[in-house]
Amino acid sequence: MNHDFPVKVCVLFALGLTGCEQNDIKVYTVPKEQSAPPAMPDGHADHAAEPAPPKLKWNLPAGWKEGAPSEFRVASFRVKGPAGKEADVSIVPLPGAAGGELSNVNRWRGQVSQPPVSETELKALAQPVELAGQSAELYEQAGAGPNGEPLRILAVIQHRTGTAWFYKMTGDDQLVAQQKPVFVEFLKSLQFATTETAPAANADKPQWTPPGDWTEVTGGQFLVAKFTIAGGQAAVNISSSAGDGGGLAANVNRWRKQLGLGEQTSDELAKAALTRGSATFVEMSGTDARSGQPAALVGAMVLQPGQAWFYKLMGDAKIVAAQKDAFSKFVQEAKY
Amino acid sequence: MKALLKALPWLFLALFATEIIVVMLPKKDSAMHTADFGRLPVLLNGRIQPFDSVARNSLLQIRSTGDVPLEEVPSWKFWHHPAKLKSTDWLLEVFFKPDIADSRPIFLIHHPDLISELKLGDKGVEKSGLRYYTFAELENRLAEISAQARTASAIEDANRTTYQKQLLKLANGLLLYQRLKSSIQPEDTHNFAELLAKFQAALPAGLAALRAQQAGQQFDEAALKRFSGLAQQFDEQANFAYPLTVPPTDPANKDAWLNVGASVLSTLRGGGSLAPAVSFFARMATAYGHDEAAEFNSAVSGYKNWLLTGFAREVAKGRSEFYFNQIKVFLHATIIYLVAFMLAAGALLLFGPAPQLSESLRRSAFFLIGLAFVVHTFGLIYRMVLEGRPPVTNLYSSAIFIGWGACGLGLVLERVYKIGLGSAVAGLAGFVTLLIAHNLALGGDTMEMLRAVLDTNFWLATHVVCVTLGYAATFVAGTLALAYIVLGVFTPVLATKAGTANLGKALANMVYAIVCFATLFSFVGTVLGGIWADQSWGRFWGWDPKENGALLIVIWNALILHARWGGLVRDRGLMNLAIFGNIVTAFSWFGVNMLGIGLHSYGFMDAAFKWLMLFNGTQVCLILLGLLPVRRWRSFQLVQKV
Amino acid sequence: MLTKLYKIVTSLRLTVVLLALGLVLVFWGTLAQVNLGLYRAQNDFFRSFFIYWAPGGSSWRIPIFPAGYAIGWLLLINLFAAHFRYYQPGKKKYGIAMIHLGVVLLLFGQLLTDVLSTESMLHMRHGETKNYSEASSQYELAVIDTTEATTDKVVAIPAGRLAKLGEINQADMPFSIRVQTYYKNSALVEKTGPGYSEIAVTAGFGAGIWWRELPHETVMDRRDMPSGIVELVTPQGSLGTFLISAYLTRPQEFTHNGRRYQLALRGERFYKPFTLHLLEFKHDKYPGTDIPKNFSSRVRIERPATGEKREVLIYMNNPLRYDGDTYYQASFDPDNQGTVLQVVHNPSWLTPYFSCVLVGLGLLVQFGTHLVGFAKKRKVA
């Protein structure tokens with residue numbers, strides 16, 4: 001019999017039992033991280049999944065401090081008042097109608113312990129303001145916050161091309177009341193920058209007659225319109241950009257990438273493109289980069305003064321082939 | 001009588017060997033050299049394969065058979081070979097005589113609700129209780145079928161009803177058929193050569209008009225219209241065709257095969273002439289459509305000769321795979337295994353009452369197993385050469401290999417013990433595994449390419465082969481144990497003398513030896529698998545279902561051995577444990593794939609799940625049988641009486 | 001009494017019982033993956049001593065079945081003990097000894113791996129250089145002092161500590177962190193929905209966001225996204241309450257006593273004394289299909305301390321082993337412009353190799369001698 005056997009077993013156990021979760025705090029110094037090179041080159045208008053929010057410009061009011069934008073906020077500000085009082089200003093775009101005015105206003109009222117209002121009462125509450133050159137309604141509510149502190153919320157909801165924009169100032173009752181004229185002035189100063197890649201936000205929908213078997217759905221944040229065909233096996237996305245939207249080649253290559261195809265030179269492209277009426281059509285087939293399924297794509301670009309329109313029919317090859325003519329008619333008959 | 005008994009094994013061997021040789025001899029082609037066409041190489045699923053493989057795998061997916069029977073023969077008339085449309089002949093019709101192809105009943109629908117939903121009750125042809133429909137009959141239901149299929153495809157696979165699964169299978173079959181139809185010539189073409197000539201004629205003026213239009217200059221509208229109308233047909237074809245049939249014109253880029261439509265359209269960019277393959281295909285199409293055998297044959301041989309200049313390897317690959325498709329080695333092996341199993345079973349049962357006949361049957365079975373093993377090995381190696389891979393690359397080939405391994409073990413046992421049991425086990429295992437393989441082949445191409453992480457011949461040759469041999473050995477041990485229990489309970493055979501001990505003892509020794517063998521291979525195989533995992537994604541063991549399955553076999557075999565060494569079980573217990581090994585192995589082989597999770601999963605198979613449960617049920621019943629008290633065993637009653 | 005225990009511990013009966021328990025455990029653990037997910041099932045069934053059952057949602061946890069560690073340890077003990085009891089030196093026993101030594105090595109190596117190994121991910125875009133990898137399932141709260149021009153000072157608090165709530169003090173932080181709420185998995189939205197409550201914070205990004213706690217994620221390719229609320233407290237008073245969340249990809253910034261800080265809940269980071277630079281990522285497919293044939297990353301290693309600078313190619317089944325870590329091609333960005341390498345630090349990675357050879361040889365020797373003996377016996381007969 002081996003005498004040190006029990007000792008061995010104990011040692012083994014000790015080893016095994018130290019495998020508990022380690023909760024030690026680490027402290028270390030590292031060189032500053034180099035900024036990453038430009039990420040995904042693929043970030044244009046119809047990529048609703050990863051939209052690059054349109055640029056907003058504003059005049060920063062005195063006493064406001066800009067915070068870093070977050071996942072949700074395109075802009076964020078802090079306002080400091082006397083005696084450590086604070087208010088927070090945020091600008092948040094959300095796709096779709098985002099619940100509508102009434103439910104949002106009542107949600108804010110709930111936050112300041114106020115009873116909900118009805119649709120007609122809401123109208124009475126609305127205060128007209130000017131926002132980026134358009135009129136909008138401001139809702140103001142005050143009351144006791146979650147911990148009984150006096151709280152005031154100023155909020156404006158504005159709908160632009162399928163997106164609801166929330167402009168909100170929240171904070172200490174007195175401070176916010178005192179800052180209200182500043183906030184209203186700030187709203188007036190806002191401007192949507194029309195950069196090359198941003199969609200022209202003030203573009204209204206052209207007039208068109210979609211074929212009977214297309215279903216209009218709420219598109220991504222940066223689509224003018226979206227239709228699905230055959231239960232989503234194919235879809236038509238429509239977007240627009242200021243200027244020439246980066247030109248035909250850039251957009252066709254963007255589409256090609258969505259189908260997992262390589263880039264084409266503008267010469268190759270010119271050969272492949274067909275012009276019908278005021279629209280230039282391209283066709284391609286490949287593999288949908290997102291679903292991994294074989295897919296076909298028919299794209300069209302229409303140049304209007306100061307504005308480019310992009311139409312994309314993409315999906316299952318058979319359906320795309322069947323819908324091609326209807327799509328082409330739809331594009332050519334759209335009135336701007 | 002004695003002479004006859006002596007000659008019987010040789011007679012059996014000669015009979016089946018002759019059949020195999022006849023099958024393997026080269027066949028004469030028909031007047032239209034369709035077999036030559038079937039040998040031509042194309043690129044599909046990432047690999048070069050002959051047209052015949054495209055045809056066969058498509059038919060398997062659509063009709064669940066490799067060819068199309070042309071007449072109804074009652075199944076009891078087994079000697080009557082019904083006239084058949086061979087796979088390549090069917091494909092030629094689909095390509096070049098679509099009207100006739102549309103009238104072939106190939107779409108299997110057997111869900112009664114689906115038949116009534118599509119109002120097909122009065123249509124279709126019934127064959128052995130299954131209803132087959134032609135494309136023509138289904139054509140005006142296409143919209144409805146695809147609408148319903150869309151709804152069904154939105155549902156997760158595991159949650160689909162049988163109705164939805166059938167519908168999806170039908171919809172996929174219809175899609176595949178339509179894609180095949182426009183694979184060589186655009187749909188509804190009657191004279192492909194003429195269409196191409198028209199396109200080429202319209203090309204220069206059309207291109208010029210197009211350029212002018214784009215530059216905003218005056219252009220010939222008629223020329224552009226004529227040209228774009230034609231181009232559109234090829235464009236649709238380019239999007240829809242199934243195999244890539246046109247070899248690359250640039251010999252440096254051997255992989256850049258195109259389909260016909262894409263190849264025709266590529267002349268737009270290069271401004272060059274048509275690829276030679278397209279012209280040959282056009283000649284074949286027109287000749288076949290007009291039944292001109294001489295012209296068709298000359299086009300096929302012309303194309304083959306053209307291919308030989310730059311694509312000799314591809315031609316050779318097409319030829320050898322075509323041959324492999326034709327001889328159907330595994331089908332013949334299956335038949336021989338079945339006959340051998342029945343002979344061996346007869347030998348076992350007649351062991352006591354008619355020893356001489358029994359010995360003659362035993363030798364017959366042994367000879368046939370030997371022949372089947374040779375045929376099986378030939379098929380296995382042929383596949384390996386075709387694929388350039390070790391024997392096991394997917395579930396299908398694992399079934400083939402398990403059968404082969406089990407048969408090999410059975411042969412060795414028979415050589416050592418000479419009592420017919422080894423042959424019986426080999427015959428049964430060979431028959432069942434090849435049957436499973438046949439059903440697995442219905443999913444489509446069995447030589448599909450291996451995804452990145454599996455693309456390593458070293459690990460496929462070591463880990464996969466070891467683990468699969470472990471499966472095979474565990475199954476052999478389980479099957480021997482089954483024989484022990486069935487023979488022991490129902491017959492007095494176990495008590496008969498075999499060599500130095502009685503048969504029961506000999507069986508116990510066999511099972512023990514095989515379990516040792518299984519332990520060795522499954523342990524080494526499993527650890528090698530862990531090392532592979534460590535090499536490819538950084539952890540030796542991840543408790544992945546497939547890994548756990550292999551581990552279960554190792555644990556179980558180790559348990560059997562330790563239980564035996566510790567004297568916890570004797571022969572009967574050993575047998576029951578070995579039968580449970582069948583359940584463990586079946587879970588590891590198939591069950592884990594049905595969990596639908598994990599890195600190794602191949603997908604959910606519900607039909608297979610039913611069979612697996614049935615299998616487990618029978619094994620449990622046999623274990624219960626094995627637990628009967630000894631006095632109820634016929635074999636041991638005798639022992640006690642003696 | 002002791003001799004009885006000794007007999008039990010060394011008995012083959014115990015071996016068989018343990019193997020049977022192991023069989024049940026592995027089978028059960030495999031099935032449980034369907035509902036629990038791979039990771040959780042691993043922890044519950046294999047990386048613990050017992051499988052627990054909590055009746056009706058109560059806080060009681062009753063051990064109902066031995067789990068991986070218990071069976072593993074008992075098997076090890078049984079193996080060792082039985083060996084001491086039965087082992088007699090002699091040719092016949094070499095095989096058995098080798099087999100069991102190999103199994104011990106394997107089990108022991110795996111226990112060590114469980115204890116000592118760490119896994120993390122290294123994501124690089126084309127042209128990017130990185131000197132750290134990030135764990136994908138372990139989070140840490142990083143408090144980073146970014147005041148200095150060239151270096152950052154990081155205080156990294158593991159998520160396990162956050163989950164315990166309460167106050168965290170660290171000599172290198174001039175404030176303490178009071179964890180008010182911590183959800184191991186959570187959902188964050190900008191507008192309310194059923195089950196959501198508004199996040200009450202006074203600083204940073206959290207205002208106007210709604211959240212809820214989520215159950216542990218069991219789907220294989222998804223992971224938990226923790227969130228919490230922390231208050232930064234100085235002796236002079238509070239700096240405010242902040243939302244910390246794995247959803248926030250940008251760190252939140254604040255200043256205190258003239259120093260700039262960042263606050264981020266992120267995957268636990270492992271810094272290396274060298275950098276990796278992605279030169280090229282390739283995604284090869286079989287011709288005419290989308291079936292992947294190979295993924296490979298061409299990477300440059302630079303180690304300033306030694307002046308080392310070289311290129312390596314990492315591809316499927318061919319990892320880079322460097323500086324005690326192993327880098328595997330694990331994933332890639334959908335646009336094929338970035339690669340994800342799995343980084344594994346496992347000091348005991350070689351044990352299975354030795355074990356495999358030992359057991360394989362042992363089994364061959366053992367069964368080989370059996371077989372030879374058997375053949376001899378038959379010849380005589």
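These legends describe close-up views of a predicted model.

Residues are numbered from 1 along each chain as its sequence is written, with chains lettered from A and ligands numbered from 1 in the order in which they are written. In this predicted model, local features need pLDDT of at least 70 and side-chain atom pairs count only at pLDDT 80 or more, while totals for chains, interfaces and linings use all residues.

**View 1. Chain A in outline.** Chain A holds seven helices and 17 strands. Helices (H or I, at least four residues) and strands (E, at least two) are DSSP runs, numbered from the N terminus. Of the 336 residues in chain A, 35% are buried. Buried means that 20 or more other C-beta atoms lie within 10 Å of the residue's own; exposed means 12 or fewer, and partly exposed lies in between, with C-beta atoms placed from the backbone. Take the contacts in chain A between residues at least 6 apart in sequence: 56% of them join residues at least 24 apart. A contact requires C-beta atoms, placed from the backbone, within 7 Å.

View 2. Helix α4(A) covers residues 173-189. Its 17 residues should span 24 Å at 1.5 Å a residue, and the end C-alpha atoms are 24 Å apart, which agrees. The expected span is 1.5 Å times one less than the number of residues. A kink of about 50° sits at K180(A), shortly before the proline P181(A). The bend is the angle between axes fitted to the seven residues ending at a residue and the seven starting there. Buried residues in α4(A) include L175(A), Q179(A), F183(A) and F186(A).

**View 3. Strand β15 of chain A between two partners.** β15(A) spans residues 279-287, and seven of its nine residues are buried. Strands pair if DSSP finds at least two bridges between them. β14(A), residues 274-276, runs antiparallel to β15(A), with three bridges joining them. Here L274(A) has F281(A) as its bridge partner. Two residues lie between the strands of this hairpin, and G277(A) takes a positive phi near 60°. Nine bridges join β15(A) to β16(A), residues 294-304, again antiparallel. T280(A) stands opposite M301(A) in β16(A).

**View 4. K65 of chain A.** K65(A) belongs to strand β3(A), residues 64-67. It counts as exposed because it has 11 C-beta neighbours inside 10 Å. Leaving aside neighbours within four places in sequence, K65(A) contacts F77(A) and R78(A). Q207(A) is 142 residues away along the chain, and the two C-alpha atoms are separated by 43 Å.

**View 5. The largest nonpolar core.** This core has 159 residues; A340(B), L368(B) and I514(B) are among those with the most contacts inside it. A nonpolar core is a set of buried Ala, Val, Leu, Ile, Met, Phe, Trp, Tyr and Cys residues joined through C-beta atoms within 7 Å. Helix α21(B), residues 503-537, supplies the largest share, 21 residues. Beyond four places in sequence, the contacts of A340(B) include A365(B), L368(B), S423(B) and G427(B).

**View 6. Chain C against chain B.** In this interface, 50 residues of chain C contact 48 residues of chain B. Among the elements of chain C that give two or more residues to this side are α3 (38-46), α5 (91-116) and α7 (351-380). α2(C) gives the most, with 14 residues. The side of chain C that touches chain B has 30 nonpolar, 17 polar and three charged residues. Ala, Val, Leu, Ile, Met, Phe, Trp, Tyr, Cys and Pro count as nonpolar, Asp, Glu, Lys and Arg as charged, and the others, Gly among them, as polar.

Conventions:
Contact = placed C-beta atoms within 7 Å.
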